[in-house]
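I opened the notebook on this chain today. The entries below follow the order in which I looked things up.

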Amino acid sequence: MTTRGSSRSSISTTSVHVTALDGLVNVNSLFTIAVFVGLSLTTPNQRSLENRTSCDASIDVEKNLLVFEVVSFSFFLFSSLIAQGLKLAINLLNSKDVDEAFRAHINLKALRFGMMGSAIGSVIGCVFLMLSMINVIEIRLGMLSCGSKSTVHAVTALVLLVSSALLVYISTAVYAFLH
């Protein structure tokens, strides 16, 4: 990372930030697709594959699915818009030559704050996407309360893998923010 001027700690020139923001927007786009896939896989009063009426999801589970999907989409959109705004600022501020688009000068504190806000939006979006996927699993395979092995295994794998990935993501984001 190179710096310019007397305020070396607050002004930064780097293409790493643009690349990181591009990656964040791309991942958020994939998650947004997952939101709509989750919505398209469920229909009202759908029977589960468990073949027991008592294991079918109630209308409350279907409502929760819709709420979690909308909230998840909202956080991914929030995160992507912040990242796109930061990219726009990087590309436009102090960049008069097209070839210098990835070397623009921007206040490092503002950039770090925006990137952290975008990362937090993505994390919260992932949590709500995971909750909505649990609802999709319950609607399709049967309620967790029925004890279906398929449901329990699917939910367990989902929660363990997503929670582990989020823990790694949060740890690296906090480390990058503090250093």
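What pattern does the protein chain follow, read along the sequence? I read β-α-α-β-α-α. I noted that this is a predicted model, in which local features need pLDDT of at least 70 and side-chain atom pairs count only at pLDDT 80 or more, while totals for chains, interfaces and linings use all residues. Residues are numbered from 1 along each chain as its sequence is written, and side-chain values use heavy atoms, with hydrogens and water left out.

Entry: whole chain. I found 4 helices and 2 strands in the protein chain. Helices (H or I, at least four residues) and strands (E, at least two) are DSSP runs, numbered from the N terminus. Of the 179 residues, 36% count as buried; buried is under 20% relative accessible area, exposed is over 50%, and partly exposed lies in between (1.4 Å probe, protein chains only). I then looked up contacts, meaning heavy atoms within 4.5 Å. Among contacts with a separation of 6 or more, 77% come from residues 24 or more positions apart.

Entry: record. The unreviewed UniProt entry lists residues 24–44, 65–90, 110–131 and 152–178 under "transmembrane region". UniProt positions are given in the numbering used here, feature names are shortened, and annotations may be inferred rather than shown by experiment. I checked two of these spans in the model. Residues 110–131 are 100% helix and 0% strand, with end C-alpha atoms 32 Å apart. Residues 152–178 are also 100% helix and 0% strand, and their end C-alpha atoms lie 38 Å apart.

Entry: α3 and α4. Two packed helices are described by the angle between their axes and the distance between the axes. I looked up helix α3 (residues 108–141) and helix α4 (residues 149–178): their axes come within 10 Å and cross at roughly 180°. That makes α3 roughly antiparallel to α4. Axes are lines fitted to C-alpha atoms, for helices over the stretch in contact, and angles run from 0 to 180 degrees between N-to-C directions. Under 35 degrees counts as roughly parallel, over 145 as roughly antiparallel, 65 to 115 as roughly perpendicular and the rest as oblique. The contact of α3 with α4 has 24 nonpolar, 4 polar and 1 charged residues. Here Ala, Val, Leu, Ile, Met, Phe, Trp, Tyr, Cys and Pro count as nonpolar, Asp, Glu, Lys and Arg as charged, and the others, Gly among them, as polar.

Entry: two residues of α4. I placed S150 in helix α4; S150 is partly exposed at 44% relative accessible area. S150 and I137 are 13 residues apart in sequence and 9.1 Å apart, C-alpha to C-alpha. V159 is in helix α4 too, and is partly exposed at 30%. Leaving aside neighbours within four places in sequence, V159 contacts M130 and I134.

Entry: aromatics. I searched the whole structure and got 2 aromatic pairs. Rings of Phe, Tyr and Trp (its six-membered ring) pair if their centres lie within 6.5 Å; planes under 30 degrees apart count as stacked, over 60 as edge-to-face and the rest as tilted. F68 and F128 have ring centres 5.9 Å apart and planes at 50°, so the pair is tilted. F68 lies in helix α2 (residues 59–92) and F128 in helix α3, 60 residues apart. F68 is buried at 19%, whereas F128 is partly exposed at 22%. F75 and F128 have ring centres 6.2 Å apart and planes at 5°, so that pair is stacked. F75, in helix α2, is 53 residues from F128. F68, F75 and F128 form one aromatic cluster.
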